[in-house]
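Please read the following walk through one protein chain with the sequence and the model side by side.

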Amino acid sequence: MIAEKFAPADVLTLRGELLQSGLDSFQAAEIVSTFLNGRGYGISSQEALHVASKIEGQGCKPEHIQAELERVARVM
């Protein structure tokens, strides 16, 4: 079993930010990027856009957000 890189509470906070009304894909990507950067992980702008759109497409469920973040997080 692989340890999770992100605490469930942090993922829920991120989810809340992503669910704010009026966010466009670029704003959502910036939120994802800031979340990862603040925890010592890097992500390209293009990848952040992809992740933001993929998370949205999955209904923004915490387990999907967790899986996507785990998949793309790169140690800086």
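T34 lies in helix 2, which spans residues 25-37; helices (H or I, at least four residues) and strands (E, at least two) are DSSP runs, numbered from the N terminus. The model is a predicted one, in which local features need pLDDT of at least 70 and side-chain atom pairs count only at pLDDT 80 or more, while totals for chains, interfaces and linings use all residues. Residues are numbered from 1 along each chain as its sequence is written, and side-chain values use heavy atoms, with hydrogens and water left out.

With a relative accessibility of 46%, T34 counts as partly exposed. On this scale buried means under 20% relative accessible area, exposed means over 50%, and partly exposed is in between (1.4 Å probe, protein chains only). From C-alpha to C-alpha, T34 is 9.7 Å from A48, and the two are 14 residues apart in sequence.

S33 also belongs to helix 2. S33 has a relative accessible area of 14% and is therefore buried. Apart from neighbours within four places in sequence, S33 is in contact with I43 and A48, where contact means heavy atoms within 4.5 Å.

A28 is another residue of helix 2. Its relative accessibility is 4%, so A28 counts as buried. If residues up to four places away in sequence are not counted, A28 touches L18 and A52. A28 and L14 are 14 residues apart in sequence, and their C-alpha atoms are 9.9 Å apart in space.

How do helix 1 and helix 4 pack, at what angle and with what distance between their axes? The angle is about 105° and the axes are 10 Å apart. Axes are lines fitted to C-alpha atoms, for helices over the stretch in contact, and angles run from 0 to 180 degrees between N-to-C directions. Helix 1 is therefore roughly perpendicular to helix 4, a label for angles of 65 to 115 degrees; under 35 counts as roughly parallel, over 145 as roughly antiparallel and the rest as oblique. Helix 1 makes this contact through V11, L12, L14 and R15, and helix 4 through P62, I65, Q66 and L69.

The largest nonpolar core has 21 residues, and F6, L18, L36 and L69 have the most contacts inside it. Such a core is a set of buried Ala, Val, Leu, Ile, Met, Phe, Trp, Tyr and Cys residues joined through side-chain atoms within 4.5 Å. At least two residues of this core come from each of helix 1, helix 2, helix 3 (45-57) and helix 4 (62-72). Helix 2 gives the most, with 6 residues. Leaving aside neighbours within four places in sequence, L36 is in contact with F6, Y41, I43, L69, V72 and A73.

The chain as a whole has 4 helices and 2 strands, in the order α-α-β-α-α-β along the sequence. Of its 76 residues, 34% count as buried. Among contacts with a separation of 6 or more, 67% are between residues 24 or more positions apart. The accessible surface comes to about 4600 Å², and 55% of it belongs to carbon and sulfur atoms. Accessible areas come from the Shrake-Rupley method with a 1.4 Å probe; for residues, only the protein chains shown count as cover.
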